[in-house]
Amino acid sequence: MADIYVRGKFVITMDKDRKIIKDGCVAIEDSRIIAVGKCEELDKDFKGKAKEEINAPRSIIMPGLIDTHVHLVQGMLKACANYKRLIPWLTRCVWPLQGNMTADDALAAASLTMLEMIKTGTTTFLETGMVGRYGPDRIIERVHDVGLRAAIARHVMDMTGYALEENALHPGLIESGEQSMGDTERLYRKYHGWDGRIFIWYGPRTPGAVSVELYREISAKARELGTGITMHLAEVLEDVEYMTKVFNRKPVEFAHWVGLTGPNVVLVHVVWASDKEIELLAKTGTHVSHNPSSNSKLGSGIARVADMLKTGVNVTLGCDGGPSNDNYDLIEEMKIAALLQPAVKRNAKAIRAEDVIEMATTRGARALGLENEIGSVEVGKRADIIVINYWDPKLMPMNDPVSHIVYAAHGDDVTDVIIDGKIIMRNRKVLTMNEEKVLEDVQKHARELFERAGVCVEPNIKWPIV
Ligand SMILES: [Zn+2]
């Protein structure tokens with residue numbers, strides 16, 4: 001007896017042999033996968049007998065996607081910081097907006113981002129940058145209640161700069177070392193491990209906002225609690241300049257020096273890395289989150305993903321945020337990741353669709369320390385599964401499901417989402433959220449926030465709106 005039986009055309013299992021099962025089916029009981037195989041075999045046990053049956057003979061079944069770099073509250077800030085490089089993007093637009101957010105604004109924004117992620121096939125994400133003013137408790141509880149799986153990294157800081165820019169941070173976002181460290185541990189004790197879906201991580205701010213002593217303390221504390229750390233690193237050349245000038249170290253060397261490398265660390269962006277730094281990432285088992293849309297839009301550069309993969313670095317994929325992407329569609333992000341490496345290396349073989357799907361599934365699972373639980377469709381794993389309809393002009397003819405997922409599909413092609421054995425979206429309707437209310441709330445809160453912050457009040461369009 002199964003709780004859910006999913007009948008598809010292809011199952012991209014991502015198991016150790018990377019088997020793709022044609023005319024494949026998946027059975028789920030409670031929160032786990034209990035059978036994966038050819039439908040003609042599984043039908044005997046499960047067809048017509050499960051509590052819920054999803055018949056999708058024109059669909060691809062694959063593991064839920066894992067986004068390793070998300071800013072939940074930035075979902076409200078789309079189009080608010082266009083045409084700016086990172087530091088002015090942060091100091092003139094993004095931070096003033098975030099520093100004026102109320103907890104109600106933040107919850108409305110986070111709900112929007114979650115809704116979008118579910119509707120585009122993301123089932124697990126790593127949030128970076130929760131702070132006290134957003135009301136982290138309510139947001140974490142919302143993540144849990146809508147059924148997503150997430151590691152939530154709370155920001156830790158004790159300085160107010162960004163690289164060489166002093167006092168860069170908006171006053172509304174400033175917290176002390178004691179406060180930000182203490183609150184992270186409080187959240188950890190309250191929520192870490194909740195239903196096997198919620199994890200609390202440390203999210204130190206970027207160099208310039210954290211002292212060397214505090215970085216070391218974060219490293220030790222995360223090790224003591226057995227949890228993860230994620231931090232933006234080497235996103236722009238100003239980061240390299242700062243660390244070279246002040247610490248006489250390259251960014252990855254700096255991270256290593258303060259204890260922020262290792263298998264429990266996800267470094268985000270790492271656009272600017274030397275061969276030596278890439279080797280250090282591989283040697284220490286440090287994970288990288290590649291965010292190609294964000295890095296492109298802000299003119300930051302393109303990370304050396306093909307070189308990192310070749311050197312043995314675990315590279316994963318992230319959408320980053322509303323004002324840098326401007327969506328949270330990891331399927332679209334896969335395409336951009338797949339396009340940029342051949343372009344910059346002038347080598348059509350620089351990366352393959354298989355590499356990119358691994359970045360969005362198995363590699364993401366490993367980065368979160370959840371490789372035994374999620375990232376593949378295998379018996380015994382948690383049932384985090386998405387169903388992608390291919391009976392659509394852009395995905396026909398269906399001659400190569402792997403290539404089509406990366407180069408041709410779009411988040412909107414996801415029809416059904418199952419997380420931890422629960423159907424969260426069925427036929428594109430999200431069952432755990434009131435979609436209409438989420439959209440109405442965000443429109444209202446965004447307007448109020450833009451007025452309060454005095455940023456993004458008018459759209460940055462060259463043409464008249466009449
Ligand atoms: Zn980010």
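1. Axes are lines fitted to C-alpha atoms, for helices over the stretch in contact, and angles run from 0 to 180 degrees between N-to-C directions. Helices (H or I, at least four residues) and strands (E, at least two) are DSSP runs, numbered from the N terminus. The model discussed here is predicted: local features need pLDDT of at least 70, side-chain atom pairs count only at pLDDT 80 or more, and totals for chains, interfaces and linings use all residues. Residues are numbered from 1 along each chain as its sequence is written.

2. Two packed helices are described by the angle between their axes and the distance between the axes. Helix H14 (residues 353-360) packs against helix H16 (residues 401-408) at an angle of about 70°, and their axes are 9 Å apart. H14 is therefore roughly perpendicular to H16 (angles under 35 degrees count as roughly parallel, over 145 as roughly antiparallel, 65 to 115 as roughly perpendicular and the rest as oblique). Residues are in contact if their C-beta atoms, placed from the backbone, lie within 7 Å. On the H14 side, Ala-353, Glu-354, Val-356 and Ile-357 meet Val-402, Ser-403, Ile-405, Val-406 and Tyr-407 of H16. By class, this contact of H14 with H16 has seven nonpolar, one polar and one charged residues (Ala, Val, Leu, Ile, Met, Phe, Trp, Tyr, Cys and Pro count as nonpolar, Asp, Glu, Lys and Arg as charged, and the others, Gly among them, as polar).

3. H16 also lies across strands S2, S3, S7 (59-63) and S16 (385-389), running at about 70° to S2. An open sheet of seven strands has the order S3-S2-S7-S16-S17-S18-S19, with mixed pairing; two strands pair if DSSP finds at least two bridges between them. Its edge strands, S3 (20-22) and S19 (429-430), each pair on one side only. Three bridges join S2 (residues 10-12) and S3 in the antiparallel sense, and Ile-12 has Ile-20 in S3 as its bridge partner.

4. Strand S9 (residues 122-130) is largely enclosed by the rest of the structure, because nine of its nine residues are buried. A residue is buried if 20 or more other C-beta atoms lie within 10 Å of its own, exposed if 12 or fewer, and partly exposed in between, with C-beta atoms placed from the backbone. Strand S8 (residues 65-70) runs parallel to S9 and is joined to S9 by four bridges. S9 also pairs in the parallel sense with strand S10 (residues 149-156), over six bridges, and Phe-125 stands opposite Ala-150 in S10.

5. The loop between S2 and S3 holds Met-14, whose phi is near 60°, a positive value in a residue other than glycine. Met-14 counts as buried because 23 C-beta neighbours lie inside 10 Å. Ala-234, in the loop between strand S12 (229-233) and helix H7 (237-247), has a phi near 50°, likewise positive. Cis peptide bonds join Asn-325 to Asp-326, with omega about 5°, and Met-396 to Pro-397, with omega about -5°. These features deserve attention because most residues other than glycine have a negative phi, and most peptide bonds are trans.

6. Asn-314 is found in strand S15 (residues 314-317) and is buried, since 23 other C-beta atoms lie within 10 Å. Not counting residues up to four places away in sequence, Asn-314 touches His-287, Arg-363, Arg-366 and Ala-367.

Definitions and conventions:
Contact = placed C-beta atoms within 7 Å.
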